[in-house]
Amino acid sequence: MGSLENKIAVITGGTSGIGYATALKMAEEGAVVYACARHGRKFETSAVRYHYLDVTDAGSCMNLYEDVMAEQGKIDILVADAGITRDALTKNMTDEAFSDVIDTNLKGVFQIVRLIGPYMETQGHGSIIAVGSVVGEYGNIGQANYAASKAGVIAMCKSWAKEFARKGSQVRVNAIAPGYIMTDMLKTVPEHLLEKFAGMTMLKRLGKPEEIAEVITFLASDAASYITGTVIDVNGGMRL
Ligand code: NDP
């Protein structure tokens, strides 16, 4: 029996990279998964279904929430994974690049948790995992916008861990802080920088999406029933 039998999971950004790997892993563990993003994707297992979502659009978040509730009657797990980068040195960073990243990575997480977090509180249980980043903890050259968004995600998770459990509900909220993981997000990063990032880790390599999915799935499961308000680093022992 899988660790997520009878659980309903919603994954923003569930069509690519870390979110996609997490959708497959959660389905393997027995969950019914809604993999959500702006562009569709087919899944080989019927346990994972695509649902349109733009996290920057409050109406789209509401549609997703209402559809899942109408179809399943509950939500046990939310993975807030959707994220983008628009890198530039600060002197070159446009208003648009700053706002796009904040709107998607920070406000996008807020807009979906604003619906599902309070619902879980009423339900009495739930697990929310937001995907932060090593960059949100330590910063990075050319990523002031992204670092700010991810530091904000971590701070929101700690706030929600307190808020949604304040009346005794077993709602857990945790953030995960991956290091550099081989996904589409790294496609624009030059090879020599990827080699540098790999060299900064104890394990001398970049991470795989499946290695993040394992930890997110653990946090979603009842095996993590006493873990809340934390940030889990999964970065191969990156030296900073
Ligand atoms: P990918 O680019 O592979 O996946 C990003 C996902 O987010 C896609 O499914 C994309 O789908 C979705 N997405 C983007 N914008 C929106 C939006 N407005 N509304 C809904 N969905 C959206 O990246 P990763 O898997 O690498 O990244 C996943 C998360 O992990 C991000 O939050 C990222 O910041 C974080 N992270 C990644 C690291 C890495 O090295 N790869 C390291 C640390 C953290 P679509 O475009 O169709 O909407």
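Modeller: Let's start at the ligand: one of its oxygen atoms sits 2.5 Å from a polar side-chain atom of threonine 183. On its own the ligand would expose 880 Å², and the protein buries 93% of that; these accessible areas come from the Shrake-Rupley method with a 1.4 Å probe.

Colleague: Before we go on, what should I keep in mind about this model?

Modeller: The model is predicted, so local features need pLDDT of at least 70 and side-chain atom pairs count only at pLDDT 80 or more, while totals for chains, interfaces and linings use all residues. Residues are numbered from 1 along each chain as its sequence is written, and side-chain values use heavy atoms, with hydrogens and water left out.

Colleague: Which residues of the surroundings come closest to the ligand?

Modeller: Of the 30 residues around the ligand, the closest are Ser16, His39, Asp81, Tyr146 and Thr183; to be near, a residue needs a heavy atom within 4 Å.

Colleague: Why is the pair of aspartate 222 and lysine 7 called a salt bridge?

Modeller: The term asks for a side-chain nitrogen of Lys or Arg within 4 Å of a carboxyl oxygen of Asp or Glu. Aspartate 222 is in the loop between α7 (209–220) and β7 (231–234) and lysine 7 in the segment before β1 (8–12), so the pair ties together parts 215 residues apart in sequence.

Colleague: How do you know whether lysine 7 is buried or exposed?

Modeller: Buried means under 20% relative accessible area, exposed over 50%, and partly exposed in between (1.4 Å probe, protein chains only). Lysine 7 has 15%, so it is buried.

Colleague: And what do we call arginine 86 and aspartate 100 on that scale?

Modeller: Arginine 86 has 38%, so it is partly exposed; aspartate 100, at 26%, is partly exposed too. Their closest N and O atoms are 3.8 Å apart, and they form a salt bridge.

Conventions:
Polar contact = N/O pair within 3.5 Å; in protein donor to acceptor, adjacent residues only side chain to side chain. Helix = DSSP H or I, 4+ residues; strand = E, 2+ residues; numbered from the N terminus.
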